[in-house]
Amino acid sequence: MKAFDLSGRVALVTGGNGGIGLGMAKGMAQAGATVMIAGRNKAKAEAALAALKAAGGKADFIEIDVLKEESCRAAVDATAEKFGKLDILVNNAGTSVRKPPEQLTAADWHLVMDTNVTSAFLCSQAVYPHMRQAGGGKIINIGSMMSIFASSYAAPYGASKGAIVQMARSFAVAWAKDNIQVNCILPGWIDTELTKQAREQVPGLHERVLARTPVARWGLPDDFSGIAVFLASPASDFLTGTAIPVDGGYSVVA
Ligand code: NDP
């Protein structure tokens with residue numbers, strides 16, 4: 001179906017070397033996009049590239065440290081230069097520090113806020129001239145259930161995930177005139193490196209997630225292929241400033 005065709009499009013996915021980012025990269029590559037995955041861990045990136053290419057996708061890797069402004073700007077510009085354009089940006093890189101508020105340090109706070117939301121600000125700002133010049137583009141930010149709900153051990157994470165949704169709304173309004181749509185995905189509980197530690201450290205978490213999630217399973221990175229294609233493609237041209245839960249129904253249970 002043409003509405004979901006990404007042939008000729010170029011996408012950059014921060015943290016695309018694993019987890020949810022790789023799930024989204026796979027979907028977009030299968031829909032025809034050339035996907036630049038960006039991250040720090042080269043070994044993970046090589047495995048991710050092999051998987052993308054084995055599935056017939058066009059993909060490449062660029063190193064990025066989203067904690068560094070120059071690195072964000074350089075990765076965006078280098079991707080646009082290498083492929084002649086940059087149509088889709090996925091701000092997916094993320095981290096968490098799990099402590100009660102009274103134990104958090106300023107460094108913990110800055111690490112989470114800078115990784116999860118400042119990086120999205122910097123990459124979005126860097127991609128704007130490329131998208132404007134091309135006549136439009138798609139920016140997809142990754143929020144969380146913590147964009148909606150609270151947790152006693154995730155104050156900076158929740159703050160960053162609330163902020164990324166509000167930031168997306170501002171960008172959506174500001175850049176609608178440039179035909180740039182900016183939306184968020186709010187994942188439920190997904191089986192990745194990020195949640196592995198939480199499942200090991202928080203007694204009963206695994207069971208609580210299963211009990212609350214109507215589809216009765218943890219999400220998988222591949223569950224994000226479809227939503228990424230939708231939000232990256234012409235199918236979503238009239239959608240901007242939204243935050244879409246992809247959570248197996250977690251957020252609608254009372
Ligand atoms: P992963 O740990 O698998 O992925 C996180 C990615 O972020 C990694 O690829 C990592 O790359 C990258 N990253 C982190 N810090 C940096 C940095 N300083 N510079 C460059 N890249 C960085 O976890 P997920 O796939 O679960 O997380 C992806 C996104 O989804 C995050 O934004 C997360 O908050 C969000 N999310 C996840 C949920 C879940 O249940 N798993 C639920 C809700 C939201 P590298 O390894 O190279 O450092």
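This is a predicted model: local features need pLDDT of at least 70, side-chain atom pairs count only at pLDDT 80 or more; totals for chains, interfaces and linings use all residues.
**Ligand shell.** I get 29 residues surrounding the ligand. Asn17, Arg40, Lys44, Tyr157 and Thr192 come out as the closest of them.

Next I looked up which atoms pair with the ligand's nitrogen and oxygen atoms. For asparagine 17, a polar side-chain atom is 2.7 Å from a ligand oxygen atom. Aspartate 65 puts a polar side-chain atom 3.0 Å from a nitrogen atom of the ligand. With valine 66 I had to look at the backbone: an N or O atom there lies 2.9 Å from a nitrogen atom of the ligand.

**Cover.** How much of the ligand's accessible area does the protein cover? On its own the ligand has 880 Å², and the protein covers 93% of that.

**Which elements.** I then asked where the shell comes from. The elements that give two or more residues are α1 (19-30), α5 (155-175) and α6 (193-201). Of these, α6 gives the most, with 3 residues.

**Shell by class.** I sorted the shell around the ligand too: 13 residues are polar, 11 nonpolar and 5 charged.

**Second pocket.** I moved on to the second largest pocket and noted a volume of about 180 Å³. Its lining runs through Arg9, Asp87, Ile88, Ala134, Gly136, Gly137, Lys138, Asn179, Gln181, Ala232, Pro234 and Asp237. By class, I count 4 nonpolar, 4 polar and 4 charged residues in that lining.

**Whole chain.** Last, I stepped back to the fold. I logged 8 helices and 7 strands for the chain. For the extents, I have the C-alpha trace spanning about 50 × 35 × 35 Å along its principal axes.

Key. Residues are numbered from 1 along each chain as its sequence is written. Side-chain values use heavy atoms; hydrogens and water are left out. A residue is near a molecule or strand if one of its heavy atoms lies within 4 Å of it. A polar contact is a pair of N or O atoms within 3.5 Å; within protein, one must be able to donate a hydrogen and the other to accept it, and residues adjacent in sequence count only if both atoms are side-chain atoms. Accessible areas come from the Shrake-Rupley method with a 1.4 Å probe; for residues, only the protein chains shown count as cover. Helices (H or I, at least four residues) and strands (E, at least two) are DSSP runs, numbered from the N terminus. Ala, Val, Leu, Ile, Met, Phe, Trp, Tyr, Cys and Pro count as nonpolar, Asp, Glu, Lys and Arg as charged, and the others, Gly among them, as polar. On a 1 Å grid over the protein atoms alone, a cavity is a set of points where a 1.4 Å probe fits but cannot get out, and a pocket is an open set with protein on both sides within 12 Å along at least five of seven lines; lining residues have an atom within 4 Å of a point. Grid points are joined across faces, edges and corners, and a volume is the space filled by probe spheres set on the points.
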